Amino acid sequence: MKVYTKTGDDGTTSLIGGERVSKYDERVEAYGSTDELTAFTALLCDELRGDASLAATVAELERLESRLMSVSALLAAGDGGSVPPLGEDEVSFLESRIDAMQSEVSPIVKFTIPGGRRELSLCHVCRTVCRRAERAALRADAEYGVDKTALVWLNRLSDYFYLLGRRLAEHYGVAERLWQP
């Protein structure tokens, strides 16, 4: 089977279920942004993989990649498409990880400026792409309806990446730069 089908040459694509829509449809934008986040999460995971002390974090990120694929599928479901919903336990998992990481880092009262080490910067790239994916998913929800748990999960995921960046700053001994207005 060839990778190209030529069916999208007219500017349309198929959703799960076979519905044809424009490539600028809100759902396509939403699952495209989520797909981009999956790729950046994989890059972050690859950056961390060489540090044996971060094996649990790598496993966690791999779990999140799989859930991102589920969210993408939920966003790509059109008329007649059926995708299993994201479980509430996935939101609870993220919340427990966020709480754990927040307890490991010192409190801050100013905005963090990304940078200092590639791994930290990638956390912030993931956070900002996640925020964009969430905004796109909310636009898709307003027009077509989206799994509500997936929307909540995306919202929590950006917080997860923020705290992961802070935790990695401490792990690597990188001083966080705080915004001084």
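## Exposure and the model

Buried means under 20% relative accessible area, exposed means over 50%, and partly exposed is in between (1.4 Å probe, protein chains only). At a relative accessible area of 60%, Phe-111 is therefore exposed. Phe-111 sits in the loop between α3 and β3. Here helices (H or I, at least four residues) and strands (E, at least two) are DSSP runs, numbered from the N terminus.

This is a predicted model: local features need pLDDT of at least 70, side-chain atom pairs count only at pLDDT 80 or more, and totals for chains, interfaces and linings use all residues. Residues are numbered from 1 along each chain as its sequence is written, and side-chain values use heavy atoms, without hydrogens and water.

## Aromatic pairs

Rings of Phe, Tyr and Trp (its six-membered ring) pair if their centres lie within 6.5 Å. Planes under 30 degrees apart count as stacked, over 60 as edge-to-face, and the rest as tilted. This rule gives 2 aromatic pairs.

One of them joins Phe-111 and Trp-179: the ring centres are 5.9 Å apart and the planes stand at 50°, so the pair is tilted. The pair links distant parts of the chain, 68 residues apart. Phe-111 is in the loop between α3 (88-104) and β3 (112-113), while Trp-179 is in the segment after β4 (177-178). Trp-179 is partly exposed, because its relative accessibility is 43%.

Tyr-160 and Phe-161 also pair. Their ring centres are 5.6 Å apart and their planes are at 80°, so this pair is edge-to-face. Tyr-160 is buried, at 0% relative accessibility. Phe-161 is buried too, at 1%.

## A nonpolar patch

Phe-111 and Trp-179 meet again on the surface. Together with Ile-113 they form a nonpolar patch with about 330 Å² of accessible area. Patches are made of residues with over 30% relative accessible area and no salt bridge; like charges are joined within 9 Å, and nonpolar side chains (Val, Leu, Ile, Met, Phe, Trp, Tyr) within 5 Å. Accessible areas come from the Shrake-Rupley method with a 1.4 Å probe; for residues, only the protein chains shown count as cover.

## Charges over rings

A charge sits over a ring if NZ of Lys or CZ of Arg is within 6 Å of the ring centre and within 35 degrees of the ring normal. Arg-27 lies over the face of Tyr-144, 3.5 Å from the ring centre. Arg-117 lies over the face of Tyr-172, at 3.7 Å.

## Salt bridges

Side chains of opposite charge can pair when their charged atoms come close. A salt bridge is a side-chain nitrogen of Lys or Arg within 4 Å of a carboxyl oxygen of Asp or Glu. The count comes to 16 salt bridges. Glu-60 bridges to Arg-97, with the closest N and O atoms 2.5 Å apart. Glu-60 is in helix α2 (residues 55-75) and Arg-97 in helix α3, so the bridge ties together parts 37 residues apart in sequence. Both residues, Glu-60 and Arg-97, are buried.

Arg-156 is partly exposed at 23%, as is Glu-95 at 29%. Asp-159 in helix α5 and Arg-131 in helix α4 (residues 118-144) tie together parts 28 residues apart in sequence. Their closest N and O atoms are 3.3 Å apart. Elsewhere, Glu-19, Asp-25 and Arg-27 are linked in a network of salt bridges.
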